[in-house]
Amino acid sequence: MEEVGAEWVSLRETRTAQRAVVPLAAIGIVEGLSSRARPAEESLRSPLGLGSVLREIARDRSVVRLETTAGTVLGRIAGVGADALDVLSLPTGESSGVPGSARLTVTMSSLLAVSPR
């Protein structure tokens, strides 16, 4: 775990070092916690909400992989609202806009993870 907010956690894959932002509401099972694990002090939490973290990713204009309850989307985050985000999809994974790209709206409640590619 890299960083944690009140409604999200940033994780880093051990083998690939790839980062993922995961809404806490999307986590159902955690393996490997010590029996003494306790919530961190409030002062250790990031003050940023999930929307703020996603806006930082959007400003980078990097291609992201969104895992949602409806499937996977590759694209760039175009905008972030209070309860949804707009994504310019890249259906075949290209790094720039291509014919066939679509503007998709993804609800925050369907978000499972966001990983910059």
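What follows is a short chat about a predicted model.

Biologist: Which residues form the nonpolar patch on the surface?
Modeller: L24, I27 and V30, and together they have about 230 Å² of accessible area.

Biologist: Where is L24 found?
Modeller: L24 lies in the loop that runs between strand 3 (19-23) and helix 1 (50-60).

Biologist: And what does L24 count as, by relative accessibility?
Modeller: Partly exposed, because its relative accessibility is 35%, and that class lies between under 20% for buried and over 50% for exposed.

Biologist: Switching to G5. Buried or exposed?
Modeller: G5 has a relative accessible area of 0%, so it is buried. G5 is also a loop residue, placed between strand 1 (3-4) and strand 2 (8-12).

Biologist: New topic, the largest nonpolar core. How many residues, and which have the most contacts inside it?
Modeller: The core has 18 residues, and L54, L66, I77, L85, L111 and V114 have the most contacts inside it.

Biologist: Which elements each supply at least two residues of this core?
Modeller: Helix 1, strand 4 (64-68), strand 5 (71-80), strand 6 (84-89) and strand 8 (111-116). Helix 1 gives the largest share, five residues.

Biologist: What is L54 in contact with, leaving aside neighbours within four places in sequence?
Modeller: L54 is in contact with I77, V80, L85, M108, L111 and V114.

Definitions and conventions
Residues numbered from 1 in each chain as written. Predicted model: local features only at pLDDT ≥ 70, side-chain atom pairs only at ≥ 80, totals over all residues. Heavy atoms only, no water. Patch = residues over 30% accessible without salt bridge, like charges linked within 9 Å, V, L, I, M, F, W, Y side chains within 5 Å. Areas by Shrake-Rupley, 256 points an atom, 1.4 Å probe, with all protein chains shown as cover. Salt bridge = Lys/Arg side-chain N within 4 Å of Asp/Glu carboxyl O. Helix = DSSP H or I, 4+ residues; strand = E, 2+ residues; numbered from the N terminus. Buried < 20%, exposed > 50% of the residue type's maximum accessible area, 1.4 Å probe, protein only. Core = buried A, V, L, I, M, F, W, Y, C linked by side-chain atoms within 4.5 Å. Contact = heavy atoms within 4.5 Å.
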